[in-house]
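Here's a quick briefing to keep open beside the viewer. Have a look at the sequence and the fold first, then come back for the notes.

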Amino acid sequence: WGHTGILTGFDVGQTVSVFEQNAWNPTGFGVYNWNDVACYLTHRGFESTPSPPTRPPLPPAPSPPPSNQPSCAGFSDGSYCGNQIPNGADASVLYTCQNGVVYGSRYCVSGCTVSPGHDYC
C-alpha cells in the first residue's frame, strides 16, 4: 500500500496503532492486525518483521527532599506550640499531634502559650 504512518501504540502479536497518511479513518488514526503489517522503516533501517519500538530506560527517581516539616515523632497526642516540636515549626502556630504525626495546625493571632497540660492559643 505504501502508507506512511507514525506508530502510536501496539499490543505485541495482536495490533499496531498508527497515525497515518492517506488513512481510511478521517481522523488519521488506524489500528491494524499485527500480522497484516508487511514491514517497518525504523531508526535502525528496514525491518521485514514487525518489532516493537524500544523505550529508553526511565531516569532514576529523584531523591526525596530533606524533611523540614514539623514532626510529632515521640510526642504524646495533644496540642503543642511550634517552638516545642522539632524541624523548624513556627512558634506562633499550635500543632495538634496524633499518633506521632502532625494532625492539624492553626495560627495563633495573639501568640501560642506553652502550658504544663496542653499548649493553647
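What follows is a short tour, from the overall fold to single residues.

Keep in mind that this is a predicted model. The protein chain comes out with zero helices and eight strands, and it holds three disulfides.

**Overall picture**

- Reading from the N terminus, the elements of the protein chain go β-β-β-β-β-β-β-β.
- The protein chain has 121 residues, and 21% of them count as buried.
- If you take the contacts in the protein chain with a separation of 6 or more, residues 24 or more positions apart account for 19% of them.

- As general background, nonpolar side chains in soluble globular proteins tend to be buried together.

- Tyr 95 sits in strand S7.
- Its relative accessibility is 8%, so Tyr 95 falls under the 20% cut-off and counts as buried.
- Leaving out neighbours within four places in sequence, the contacts of Tyr 95 include Pro 70, Gly 78, Ser 79, Tyr 80, Cys 81 and Gly 82.
- Also among the contacts of Tyr 95 are Ile 85, Ala 89, Asp 90, Val 102, Gly 104 and Ser 105.
- Tyr 95 and Cys 72 are 23 residues apart along the chain, and their C-alpha atoms are separated by 8.8 Å.

**Disulfide Cys 72 to Cys 97**

- A disulfide joins Cys 72 to Cys 97, with an S to S distance of 1.9 Å.
- Cys 72 is in the loop between strand S5 (45-47) and strand S6 (78-81) while Cys 97 is in strand S7, so the pair ties together parts that are 25 residues apart in sequence.
- The torsion about this S-S bond, between Cys 72 and Cys 97, is about -65°, so the disulfide is left-handed.
- Both ends are buried: Cys 72 has a relative accessible area of 1%, and Cys 97 has 2%.

**Disulfide Cys 81 to Cys 112**

- Cys 81 is joined to Cys 112 by a disulfide, S to S 2.0 Å.
- Cys 81 lies in strand S6 and Cys 112 in the segment after strand S8 (101-107), so this pair ties together parts that are 31 residues apart in sequence.
- With a torsion of about -90° about the S-S bond, the link of Cys 81 and Cys 112 is left-handed.
- Cys 81 and Cys 112 are buried.

**Disulfide Cys 108 to Cys 121**

- The sulfur atoms of Cys 108 and Cys 121 are 1.9 Å apart and form a disulfide.
- Cys 108 and Cys 121 are each in the segment after S8, 13 residues apart.
- The link of Cys 108 and Cys 121 is left-handed, with -60° about the S-S bond.
- Where the two partners part ways is accessibility: Cys 108 is buried at 1%, whereas Cys 121 is partly exposed at 34%.
- To put the three links together, number the bonded cysteines of the protein chain in sequence order and the pairing reads 1-3, 2-5, 4-6.

**On the surface**

- Ile 6, Phe 19 and Phe 29 make a nonpolar surface patch of about 300 Å².
- Phe 19 belongs to strand S2 (residues 15-20), and its relative accessibility of 36% makes Phe 19 partly exposed.

- Asn 99 has a positive phi of about 55° although it is not a glycine.
- For context, most residues other than glycine have a negative phi.
- Asn 99 is in the loop between S7 and S8, and at 68% relative accessibility Asn 99 counts as exposed.

Technical notes: Residues are numbered from 1 along each chain as its sequence is written. This is a predicted model: local features need pLDDT of at least 70, side-chain atom pairs count only at pLDDT 80 or more; totals for chains, interfaces and linings use all residues. Side-chain values use heavy atoms; hydrogens and water are left out. Patches are made of residues with over 30% relative accessible area and no salt bridge: like charges are joined within 9 Å, nonpolar side chains (Val, Leu, Ile, Met, Phe, Trp, Tyr) within 5 Å. Accessible areas come from the Shrake-Rupley method with a 1.4 Å probe; for residues, only the protein chains shown count as cover. A salt bridge is a side-chain nitrogen of Lys or Arg within 4 Å of a carboxyl oxygen of Asp or Glu. Helices (H or I, at least four residues) and strands (E, at least two) are DSSP runs, numbered from the N terminus. Buried means under 20% relative accessible area, exposed over 50%, partly exposed in between (1.4 Å probe, protein chains only). A disulfide is a pair of cysteine sulfur atoms within 2.5 Å. Contact means heavy atoms within 4.5 Å.
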